[in-house]
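Please look over the sequence and the 3D structure before reading on. The briefing below then takes up a few topics in turn.

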Amino acid sequence: MVKIKHKVALTVGGIVVFLIAAVLGGYTYYRSTHFNKNIQINGVSVGGLNEKSALAQLKSEKIDNNVYLNGKLLLEGKKTSSGFTQKDLSKIRQLLKKQWTFLPESKKISYQITPSNVSNYRTNVIKPKLKQLLDKKNSKLTAAVDSHAVLRYGKITYTDSKKGNQYNVAKILTAYDKQKNQPTTNIKKFVIQPVTSSSNQVKKQKEKLETLAKRTVVYKVQQTNYNLAAKDVINQATYIGDKYQISQDGIVNEINDINNKQATLQKSISFKTHAGDTVNVPGGTYGWALKTSDSYETISAAFINNKSEVDAASDIYGVGYLTYGTGYDNLTNDGIGTTYAEISIQDQRAWFYIDGKEVYTTNIVTGKHSTNEDTPTGVWYIMYKQSPATLEGSEAGNANYSVKVNYWAQFTSSGCGFHDASWRTDWSSTAYLTNGSGGCANTPSANMESVYNSLSQKEAVVVY
């Protein structure tokens with residue numbers, strides 16, 4: 001009897017074990033083939049569904065392509081298919097394995113997969129429209145103002161940052177891309193935030209400006225060196241977008257001071273005549289000056305590129321025929337050098353010097369005084385020489401003349417110059433008073449070749 005009871009107990013125990021195993025097996029199979037409760041794929045709930053049912057659910061969904069910003073409709077699109085096909089079953093199967101847990105899980109998880117037949121409507125149509133719409137709205141909104149570091153005469157200060165309400169279009173479009181496969185897109189509103197003075201970006205600006213403030217540039221003008229320290233001449237500088245920006249004012253003030261000290265353009269000179277007398281001659285076209293814009297570019301670039309010395313030779317300019325200036329290399333004789341021409345209206349005579357030596361002199365007839373056509377006094381320069389030449393212009397009593405000459409050397413912008421005058425018969429020292437030229441220095445034909453050969457382009461012509 002005992003043995004029979006034992007066999008019955010074993011049989012019942014085996015059945016219980018079998019039933020438990022069957023239940024566990026069935027449970028495990030179900031859990032492995034069905035999604036957990038709060039699982040979403042591309043925004044569609046697939047909780048409790050197996051892979052085939054989940055795919056069917058996804059295939060049936062329509063994408064409305066509407067774009068919501070913080071839950072409020074921003075852009076309405078037309079409906080398109082989800083793009084899911086039978087080819088996507090393997091992707092869903094992978095998600096099924098990924099989300100599997102032995103015990104039921106209620107945690108909400110949203111997966112994103114790209115359907116095999118996804119429409120390009122969102123990328124090609126909706127996204128460009130969204131950007132255009134946001135840009136248009138931004139044009140009517142207030143932009144944020146970033147703080148930035150400023151260098152002012154060696155000291156660093158910071159501008160104030162100000163909040164704005166413009167959309168951060170780049171962030172919104174990035175968020176849109178992340179939801180591009182969902183039936184409906186609901187994006188968080190991103191607003192452009194200003195850069196503050198405590199940001200790493202502004203700290204970098206400060207470091208760059210501190211480096212700039214320590215720099216010195218030697219600006220060489222002729223034989224004079226000007227030591228320009230950034231802390232003294234840069235009235236304002238910033239470092240924005242990985243680029244230095246230096247205000248012109250401080251540097252321009254230095255350039256103006258240099259011009260006042262050294263430039264010769266249109267400045268009067270104290271001139272020692274052939275007779276040893278000293279006369280004051282007004283400025284004319286002769287000379288050079290630093291062109292403010294060019295000098296600023298040269299000096300500011302030297303500061304930015306940490307170049308210790310730069311030459312001003314390429315920054316000079318002039319007026320008249322030669323706009324790049326004359327006499328920059330002349331350091332003597334009040335800037336006109338030792339090669340020049342001298343005209344005395346009172347003496348009605350001209351003298352010509354090369355390397356400090358008089359090489360020729362001749363009588364001349366200057367502009368007619370009685371009609372206010374006097375040869376203009378001033379410091380001019382030989383603009384160009386031509387042989388032969390045809391002179392065209394006007395003078396008192398002759399509105400439109402044209403004459404041929406063998407030699408011509410112009411020295412004023414108004415058209416005055418040296419030339420032979422074969423038609424002239426009156427060469428007296430008083431001829432200029434009532435019978436002078438139209439402004440030129442008429443020269444006897446026999447002397448003009450020597451005059452022409454003694455002159456060179458750019459040399460000074462002093463008329464007094």
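What follows covers a cavity, aromatic rings, charges over rings and backbone features.

This is a predicted model, in which local features need pLDDT of at least 70 and side-chain atom pairs count only at pLDDT 80 or more, while totals for chains, interfaces and linings use all residues. Residues are numbered from 1 along each chain as its sequence is written, and side-chain values use heavy atoms, with hydrogens and water left out.

**Cavity**

- A search of the whole structure finds one cavity of 30 Å³ or more, where a cavity is a set of points on a 1 Å grid over the protein atoms alone at which a 1.4 Å probe fits but cannot get out.
- The largest cavity holds about 40 Å³ of space, a volume being the space filled by probe spheres set on the points, which are joined across faces, edges and corners.
- Among the residues that line the largest cavity are N42, E61, F84 and P183, lining residues being those with an atom within 4 Å of a point.

**Aromatic rings**

- There are 10 aromatic pairs in the structure, counted when rings of Phe, Tyr and Trp (its six-membered ring) have centres within 6.5 Å, with planes under 30 degrees apart called stacked, over 60 edge-to-face and the rest tilted.
- One of them is the tilted pair of Y321 and Y384, at 5.2 Å centre to centre and with 40° between the planes.
- Y321 lies in the loop between β19 (316-317) and β20 (340-344) and Y384 in strand β24 (residues 384-386), so this pair ties together parts that are 63 residues apart in sequence; strands (E, at least two residues) and helices (H or I, at least four) are DSSP runs, numbered from the N terminus.
- The pair of Y340 and Y353 is stacked, because the ring centres are 4.7 Å apart and the planes are at 25°.
- Both Y340 and Y353 are buried, meaning under 20% relative accessible area, with exposed meaning over 50% and partly exposed in between (1.4 Å probe, protein chains only).

**Charge over a ring**

- The charged end of K385 sits over the ring of Y452, 4.4 Å from its centre, a case that requires NZ of Lys or CZ of Arg within 6 Å of the ring centre and within 35 degrees of the ring normal.

**Backbone features**

- Most residues other than glycine have a negative phi, and most peptide bonds are trans.
- N42 has a positive phi, near 55°, and is buried with a relative accessible area of 1%.
- S387 and P388 are joined by a cis peptide bond, with omega about -10°.

Terms used: On a 1 Å grid over the protein atoms alone, a cavity is a set of points where a 1.4 Å probe fits but cannot get out, and a pocket is an open set with protein on both sides within 12 Å along at least five of seven lines; lining residues have an atom within 4 Å of a point.
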